[in-house]
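Please keep the model in view while going through the points.

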Amino acid sequence: MTKIVDLRSDTVTQPTEGMRAAMACAPLGDDVFGDDPSVNALQDKIAAMLGFEAALFVPTGTQSNLCAILAHCQRGDEYIVGQMQHCYRWEGGGAAVLGSVQPQPLNHQADGTLALADIEAAVKPDDPHFARSRLLALENTLGGKLLPFDYLQQATALAKARGLNRHLDGARLFNAAVAQVAQTGSTALAEAKRIAGCFDSVSVCFSKGLGAPVGSALCGSRDFIARAHRIRKMAGGAMRQAGGLAAAASYALDHHIERLADDHVLAKRLAEGLTGMPGLQVEAPQTNILFVDLVGSARDQSEALLRHLANEGIQATGLYRLRFVTHLNVDAAGVDRAIAAIRGFFEG
């Protein structure tokens with residue numbers, strides 16, 4: 001059978017042989033009692049890597065963001081967030097539904113940032129007519145875009161000056177860090193810590209580009225993580241012998257950060273291969289996510305294109321705006337197959 005080239009998301013990765021071996025031999029305990037050594041080691045590792053006092057291993061990034069928002073905010077509070085951020089748009093309204101915390105969504109600028117003036121204007125006065133502004137939530141990367149570091153510093157400094165806590169949805173934080181290395185010449189670990197240092201809490205996903213099968217971590221102060229721990233329990237996120245999953249995440253931190261640069265190169269390769277094709281408007285990727293808009297008469301062919309790609313063993317998402325994501329289970333040959341399949345559809 002022809003090998004499938006799955007470009008739908010970096011969440012589709014399979015554990016490597018080394019990761020499977022680490023999972024198989026991980027020492028286990030009961031994490032609800034706090035005595036799973038592999039979970040504890042992972043939490044200590046990611047907290048130290050990002051410069052925080054403590055961390056909490058959770059099943060999903062959605063739960064990590066929920067725990068963060070509810071640990072920062074109380075009923076009747078609000079968090080300021082972008083319209084297209086995951087913790088506002090794609091997480092079922094959990095903070096509002098489960099925590100009675102109101103989102104205050106703002107429009108994004110072209111580079112994915114929230115205008116500083118818009119953040120400033122969104123902060124409510126201390127008046128009983130308004131929800132209490134308590135938190136600024138940002139996401140990096142956002143749709144594969146790296147938020148400029150100087151912007152992060154300015155936005156979080158503004159939030160702090162206005163009395164807001166600051167949370168980062170860093171589901172792809174290490175993709176952002178690797179992209180930032182190209183600007184600074186530093187290391188991915190140093191850049192990740194520098195980004196995280198702008199925030200009071202950071203959520204990191206292990207099951208996207210890092211390639212672990214399950215899990216995220218929420219990092220913050222000890223008091224903050226203690227509050228988040230209670231919320232995780234209420235949300236059903238406490239697990240028992242979770243050390244096998246934690247071992248996979250720990251292995252990913254040790255082996256899969258620097259290799260994210262390979263995914264970025266492949267996304268650029270795919271973009272270059274599609275650029276110039278009639279009917280395609282290619283947005284240059286900054287990390288491992290590529291967006292391609294179908295324009296003109298090509299819009300009417302979107303469903304046929306996706307069927308053609310599926311028949312060729314290429315999986316992607318979207319309709320008029322296609323999304324391709326490179327990851328550790330995609331190689332240069334797979335990218336070239338995708339380019340050839342798309343070219344064959346329009347030119348064949």
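1. In this predicted model, helix 12 meets helix 14 through Leu 266, Arg 269, Leu 270, Gly 273 and Leu 274 on its own side. The partners in helix 14 are Ala 332, Val 335, Asp 336, Ala 338, Ile 339, Ile 342 and Arg 343. By class, this contact holds eight nonpolar, one polar and three charged residues.

2. Two packed helices are described by the angle between their axes and by the distance between those axes. For helix 12 and helix 14, the axes come within 10 Å and cross at roughly 20°. Helix 12 is therefore roughly parallel to helix 14, since angles under 35 degrees count as such. The crossing of these two helices is right-handed.

3. Helix 13 (residues 302-311) also packs against helix 14 (residues 332-347), at an angle of about 135° and with the axes 10 Å apart. This angle makes helix 13 oblique to helix 14. Helix 13 passes helix 14 in a right-handed crossing. Ala 304, Leu 305, His 308 and Leu 309 of helix 13 make the contact with Ala 341, Ile 342, Phe 345 and Phe 346 of helix 14. These residues divide into seven nonpolar, one polar and no charged.

4. His 256 deserves a separate comment. His 256 is found in the loop between helix 11 (243-255) and helix 12 (260-274). Is this residue, His 256, buried or exposed? With a relative accessible area of 6%, His 256 is buried, because the cut-off for that class is under 20%.

5. A polar atom of the His 256 side chain lies 2.7 Å from the backbone oxygen of Leu 210. Not counting residues up to four places away in sequence, His 256 touches Thr 16, Met 19, Leu 210, Gly 211, Tyr 251 and Leu 328.

Notes. Residues numbered from 1 in each chain as written. Predicted model: local features only at pLDDT ≥ 70, side-chain atom pairs only at ≥ 80, totals over all residues. Heavy atoms only, no water. Axes fitted to C-alpha atoms, helices over the stretch in contact; angles between N-to-C directions. Helix = DSSP H or I, 4+ residues; strand = E, 2+ residues; numbered from the N terminus. Parallel < 35°, antiparallel > 145°, perpendicular 65-115°, else oblique. Left-handed = near helix turned anticlockwise from the far one by under 90°. Contact = heavy atoms within 4.5 Å. Nonpolar A, V, L, I, M, F, W, Y, C, P; charged D, E, K, R; others polar. Buried < 20%, exposed > 50% of the residue type's maximum accessible area, 1.4 Å probe, protein only. Polar contact = N/O pair within 3.5 Å; in protein donor to acceptor, adjacent residues only side chain to side chain.
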